[in-house]
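Take a first walk through this structure with the sequence at hand.

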Amino acid sequence: MKPRDCTLLGAAMLALWCFCALWLAPRLQQQLLQQARAAVANLPTGYSAAEVLAHGRQLIVRGDIRHREQLDQILRKLRHELRLGNSMARRLNPVSGVSNETRIMPYPNGWLMITAAGSRGQLWGATASEAERRDLSLALTQAWSQQGGNLDSRLRTDSAHHDEAADVAPTLEDLPLPTNQDPHQALAAVVTIGGSWKILSLDQPSERSRQLCLEAGVQASLWEEAIAPAMQRLRQYRSQQLALAAEARRQATLPPPHLFVAWRDKRLLVRGEVGDLEGKRQWLNALISAFPDIRIIDDVRLNPNRRRRIELPNLGPADLAARRPEHDDDPPEGRGVLLGVGGSGGWTRLQQLRLGTPGWAGTLPALLKPTALLADHRMVTEWLLEDSRGIPAMSSRSQPAFVQWLLLNDRVWIMGQVAEEASRAQLLDATKRAYAGRALVDSEGLLARGNCEPSPDLIHTLHSLPPLPKTGQPATLAFAQPGESLRFCSLQASWLESGALPQSNLFPNRFPAALAEHALLEHRTRLLQSLGQKTSLPAPAPSPANPTKP
């Protein structure tokens with residue numbers, strides 16, 4: 001080859017190299033980069049799409065990847081599946097290598113939260129998978145069950161925001177459990193799965209508890225919708241339990257109630273002192289049921305400085321079985337007296353009633369002094385032996401028995417006083433049956449008092465109860481003396497003022513209306529609150545209308 005030809009060939013080769021280096025190579029690199037970015041654009045990373053750079057035929061991958069499997073898929077795509085140009089060029093791999101500069105960044109672990117009132121708790125939280133949810137729910141509920149608790153699991157799966165924890169052992173080992181030492185504890189605790197539990201103090205501000213929950217992974221919307229109300233209920237529960245505990249400590253320092261039960265001539269006298277009206281009524285109702293043919297004389301006093309719970313077994317005919325007297329001071333045959341002290345477990349039958357120092361004095365608990373029972377013991381003994389010298393004389397005139405009803409469209413108050421507990425029970429039962437399913441019956445104001453006139457047959461009273469007023473109509477006030485038919489009329493606003501009710505013409509002339517007014521005004525505050533919410537009272541009339549008789 002001539003020198004001239006060699007020079008021309010060299011120049012041509014140089015021109016071709018310059019063409020490839022300066023024009024073709026950048027176009028091929030740009031095309032390779034576009035193909036690479038398009039190939040990974042839709043591949044999942046858990047974050048934004050992976051960033052791809054090109055340096056000649058060398059590709060560089062950067063970005064955050066959630067899972068290793070996702071990274072392997074991206075690298076495999078770039079290393080083996082990219083092709084450029086025509087059909088012949090597609091057979092060749094344009095990539096000489098891929099440099100991995102990505103970071104594996106899993107999502108945060110899920111979270112758990114326990115809110116518990118005593119031994120009953122709720123398990124909240126979000127896990128990364130159904131398997132993790134199932135395993136954690138089973139492990140935590142079983143751990144609580146073994147300690148006598150009950151944990152209601154409300155875990156849910158949220159794989160879009162959480163990844164599984166590598167190790168859940170720290171969470172299980174640090175699990176707060178219900179304790180037998182404090183069965184009424186209020187507990188709130190939160191944890192990121194795989195970490196240690198953080199106890200949320202119910203005394204700290206709600207915002208601090210919210211911050212700890214958000215740090216653990218709780219969504220703000222869930223905090224507002226469910227967690228915050230649950231925390232508020234826990235605070236209320238703890239306040240109630242603290243109040244109950246304080247009351248229980250106070251009750252433990254009080255003397256227990258005591259009851260003397262004496263019987264003679266188809267009559268049964270109950271005398272003593274208890275601390276709770278509802279407990280007294282329940283016990284007397286059971287006594288009336290056990291002895292339907294015997295008149296029960298209720299002479300039991302209420303004293304708030306006695307323990308509330310009576311804690312005495314109900315009596316039956318076997319407890320009053322006749323015994324033959326063995327000593328001169330024993331009760332005559334067919335008569336007897338029992339002494340019951342709350343919490344003692346049973347009744348003691350008393351003998352030799354006339355001895356100077358009662359034999360039961362040494363059996364009383366330390367908080368109950370014998371002097372608190374001596375007056376009751378003396379009066380019961382004298383009643384039993386028909387000796388009234390030590391019994392205070394009753395007033396010459398007993399108080400009249402009466403009953404009044406205040407009716408709203410969905411609530412009924414029954415108030416008044418009767419002589420017998422059995423009559424009270426009849427009136428209350430008839431009222432509940434008459435308005436069953438339509439109104440709530442409040443009977444706190446209906447009392448059984450021994451100084452009332454005895455009640456005749458109640459059939460006329462029980463069959464004349466008025467209908468409930470309709471929604472928006474004025475309240476109805478009804479009155480009757482046991483055995484008589486009811487009188488009733490619409491309640492006037494002015495009648496809830498002191499001294500106004502006797503002017504209503506609702507009461508018979510012979511009846512002291514101030515008694516009924518006193519019973520009504522005892523509940524004035526509660527009545528006004530309910531009346532203001534449920535109905536509108538008519539304005540006071542210049543002269544009250546005559547009441548309507550059924």
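**Cysteines, charges and a covered strand**

The count of disulfides, meaning pairs of cysteine sulfur atoms within 2.5 Å, comes to 0. In general, a disulfide is a covalent bond between the sulfur atoms of two cysteines. Two cysteines can still be placed by their accessibility. Cys213 has a relative accessibility of 1% and counts as buried. Cys489 is buried too, at 12%. Here buried means under 20% relative accessible area, exposed means over 50%, and partly exposed lies in between (1.4 Å probe, protein chains only).

A word on the source comes next. This is a predicted model, in which local features need pLDDT of at least 70 and side-chain atom pairs count only at pLDDT 80 or more, while totals for chains, interfaces and linings use all residues. Residues are numbered from 1 along each chain as its sequence is written, and side-chain values use heavy atoms, with hydrogens and water left out.

Now turn to the charges. Side chains of opposite charge can pair when their charged atoms come close. The term salt bridge is used for a side-chain nitrogen of Lys or Arg within 4 Å of a carboxyl oxygen of Asp or Glu. How many salt bridges does a search of the whole structure find? It finds 26.

One of them joins Asp299 and Arg271, with N to O at 2.4 Å. Strands (E, at least two residues) and helices (H or I, at least four) are DSSP runs, numbered from the N terminus. Asp299 is partly exposed at 30% relative accessibility. Arg271 is buried at 12%.

Strand β11 also takes part in another pair. Glu273 forms a salt bridge with Arg306, and their closest N and O atoms are 3.2 Å apart. Glu273 sits in β11 and Arg306 in the loop between β12 and β13 (336-341), so this pair links parts 33 residues apart in sequence. Arg306 is buried, with a relative accessible area of 3%. Glu273 is buried at 13%.

These residues belong to a wider set. Arg271, Glu273, Asp299, Arg301, Arg306 and Asp376 are linked in a network of salt bridges.

A further pair lies within a helix. Arg424 and Glu421 form a salt bridge, with the closest N and O atoms 3.7 Å apart. Both are in helix α9 (residues 421-434), and because they are 3 residues apart, about one helical turn separates them. Arg424 is buried at 4% relative accessibility, and Glu421 is buried at 7%.

The last stop is β13. Why is this strand largely enclosed by the rest of the structure? It is enclosed because 6 of its 6 residues are buried. In a regular strand the side chains alternate between the two faces of the sheet. On one side of β13 are Gly336, Leu338 and Gly340, on the other Val337, Leu339 and Val341, and all are buried.

Strands pair if DSSP finds at least two bridges between them. Strand β10 (residues 258-264) and β13 pair in the antiparallel sense over 6 bridges. There, Trp263 stands opposite Gly336. β13 also pairs with strand β14 (residues 347-349), again antiparallel, over 3 bridges. Gly340 faces Trp347 of β14. The hairpin of β13 and β14 has 5 residues between the strands, and in it Gly343 takes a positive phi near 85°.
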